[in-house]
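Subject: Structure for you, with notes

Hello,

Here is the structure you were going to look through. My notes follow below it.

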Amino acid sequence: MILNREEASASLEWKCSQAFGERNPDEELQDVDIVSAIEFDKTGDYLAVGDRGGRVILFETVGGKNHISRSELEKQMDFTSTSHPEYRYKTEFQSHEPEFDYLKSLEIEEKINRVRWCAAPNGSMFILSTNDKTIKLWKVRDQKVKKIKEMDHFPFVSSENTLLAEKNFMNEHNPPSFAHGYHLEWTENMATKIANVGNSVHARCQKVYPHAHDFNINSISNNSDCETFVSADDLRINLWNLEISDQCFNIVDMKPSNMDDLTEVITSAEFHPIYCNLLAYSSSRGFVRLVDMRQSALCDHSARILRDAAESHGSKSFFTEIIASISDIKFANDGQHLLSRDYMNLKLWDIRMDSTPVATFKIHEHLRPKLCDLYNNDSIFDKFECSVSGDGLHFATGSYSNLLRIFSHGVGSAGGITVEAGKNENRKPILQAAPRARRSSLSNLTRGLYRQAHENSSSGHHELSYNLSSKLLHLAWHPTTNLIACANGNSLFFHYA
């Protein structure tokens, strides 16, 4: 981690640089258009966005790839540059379609849960995407395409007769003594009329990794070895080889022999950025487990557990376990620090210290008196993502009313910086369509148990003073500069400092 914190973190002022997909106030938001996943590639040249309609949309930097030297990259990592990249739409493709599980009589929606970039040899782009049950590997590459222009000599000739027309034209205009020279001149002239080379983007599904999860897939993560990745659902984590789609290894299994004894579920999984044998995964009880895959084939019993001792010894309430559930974890690039997000807090951990986080940033402390209302409208189960800057000094997450919360470790206010995502300060909040019910998820089953146990003690509904429908759940930090991509509804925003 870079030590020059004061220089790197001095009074960042965040501004919105770009916005895609903004709607008119009277325009209805379709559920299939809502953004559900965001991910930069390692260079920051490309951004992948998934939505509930099963599409993956790609953006690229204006001006092409950023080919920079190592010294220039180090300068960018120190955040001394004030410039920021701009993005434009590149292409999109349909990654997933609605499926039907005939064994369980369940409809599987096409919603993209996660997208992850893979190593890109030979200039091609490889992207992993997953819905609730099926993971796919896509190859995206630019292709040169020849476009046929209308020929002046044959403006009324159909395409099927073009070859015959060309032959007749050559016979008419090429006397034997001048045939070769005239043919060369004619060919050069016609080449500019017939062929015009352009670029097209082609996406092709390379691999499909199906039928390995009984519950909804909540995360996928690529390994630093560039050969394997993991996929996680509520109870199991599977290890895959990118080249083998019909076989995987179960490395974590939290399913009890009796489902009535179930006390926690897996909420997120992330590979260590440097060591290919280390894996972290979080749970609904607020724990983060760090496992070494070299110690055992099944890694769920030999783990270092990161837990906040202060919270475990504090006062308990009905909502304690619900708000402790970790919705997302991210490693910093140094591999020594890990960021976790639960409903109330953003926590920074040193993986060598398992009893207390290095720093705790309050996100929803002002909502603590309203937990009952949040429970009644299911907002307490919202899953906010978190993100770490390339230098590991800054951290971001989302909140309600379309708010982006940004914090710095070691300097600045403990309250961080709050930015309303969007281009215009007075823009009306985006109203999201009601989310569709998701099946075969233990988190939803647990929600039902909570509801049944607490419905009699509910004090009724109260009007909340903030916009719960406008929530900023998904975001990603550019790998080399202070630029954050975040989404609300079908809108994508870029903020820079």
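In what follows, two residues are in contact if they have heavy atoms within 4.5 Å. The model is predicted, so to speak of a local feature pLDDT must be at least 70, side-chain atom pairs count only at pLDDT 80 or more, and totals for chains, interfaces and linings use all residues. Residues are numbered from 1 along each chain as its sequence is written, and side-chain values use heavy atoms, with hydrogens and water left out.

Overall

The protein chain has eight helices and 30 strands. Helices (H or I, at least four residues) and strands (E, at least two) are DSSP runs, numbered from the N terminus. Of the 497 residues in the chain, 49% are buried, where buried means under 20% relative accessible area, exposed over 50%, and partly exposed in between (1.4 Å probe, protein chains only). The accessible surface of the chain is about 24,900 Å², and carbon and sulfur atoms hold 50% of that; the areas come from the Shrake-Rupley method with a 1.4 Å probe, and for residues only the protein chains shown count as cover. If contacts are taken between residues at least 6 apart in sequence, 62% of them join residues at least 24 apart.

The sheet with β2 to β5

Four strands make an open sheet in the order β2-β3-β4-β5, and the pairing is antiparallel. Two strands pair if DSSP finds at least two bridges between them. The edge strands, β2 and β5 (87-94), each pair on one side only. Averaged over the sheet, neighbouring strands are turned by 20 degrees against each other, direction ignored. For such angles, axes are lines fitted to C-alpha atoms (for helices over the stretch in contact), and angles run from 0 to 180 degrees between N-to-C directions.

Strand β3 (residues 46-51) has six of its six residues buried. Y46, A48 and G50 point one way from β3, and L47, V49 and D51 point the other way. On one side, β3 is joined by five bridges to β2 (residues 35-40), running antiparallel, and F40 has L47 as its bridge partner. The hairpin of β2 and β3 has five residues between the strands, and G44 in its turn has a positive phi of about 85 degrees. β3 also pairs with β4 (residues 55-61) over five bridges, again in the antiparallel sense, with G50 opposite V56. Three residues lie between β3 and β4 in their hairpin, where G54 takes a positive phi near 85 degrees.

W117

What does W117 touch, not counting residues up to four places away in sequence? Its contacts are E39, F40, D41, Y46, L47, A48, L58, M125, F126, I127 and N222. W117 is in strand β8 (residues 114-117) and is buried, at a relative accessible area of 11%. A polar atom of its side chain lies 2.9 Å from the backbone oxygen of E39. This is a polar contact, meaning a pair of N or O atoms within 3.5 Å; within protein, one must be able to donate a hydrogen and the other to accept it, and residues adjacent in sequence count only if both atoms are side-chain atoms. I127 is 10 residues from W117 along the chain, and their C-alpha atoms are separated by 4.6 Å.

The largest nonpolar core

A nonpolar core is a set of buried Ala, Val, Leu, Ile, Met, Phe, Trp, Tyr and Cys residues joined through side-chain atoms within 4.5 Å. The largest has 16 residues, of which F319, Y343, L371, L374 and I380 touch the most other members. α6 (320-324) and α7 (371-376) each supply at least two residues of this core, and the largest share, four residues, comes from α7. Leaving aside neighbours within four places in sequence, L371 is in contact with F319, I323, M344 and I380.

Another open sheet of four strands runs β20-β21-β22-β23, with antiparallel pairing. Five bridges join β21 (residues 337-342) to β22 (residues 345-350), and H337 stands opposite D350.

S284 is in the loop between β17 (278-283) and β18 (288-292). Is S284 buried or exposed? S284 counts as buried because its relative accessibility is 14%. Beyond four places in sequence, its contacts are T263, E264, V265, T267, E321, A324 and S325.

Regards
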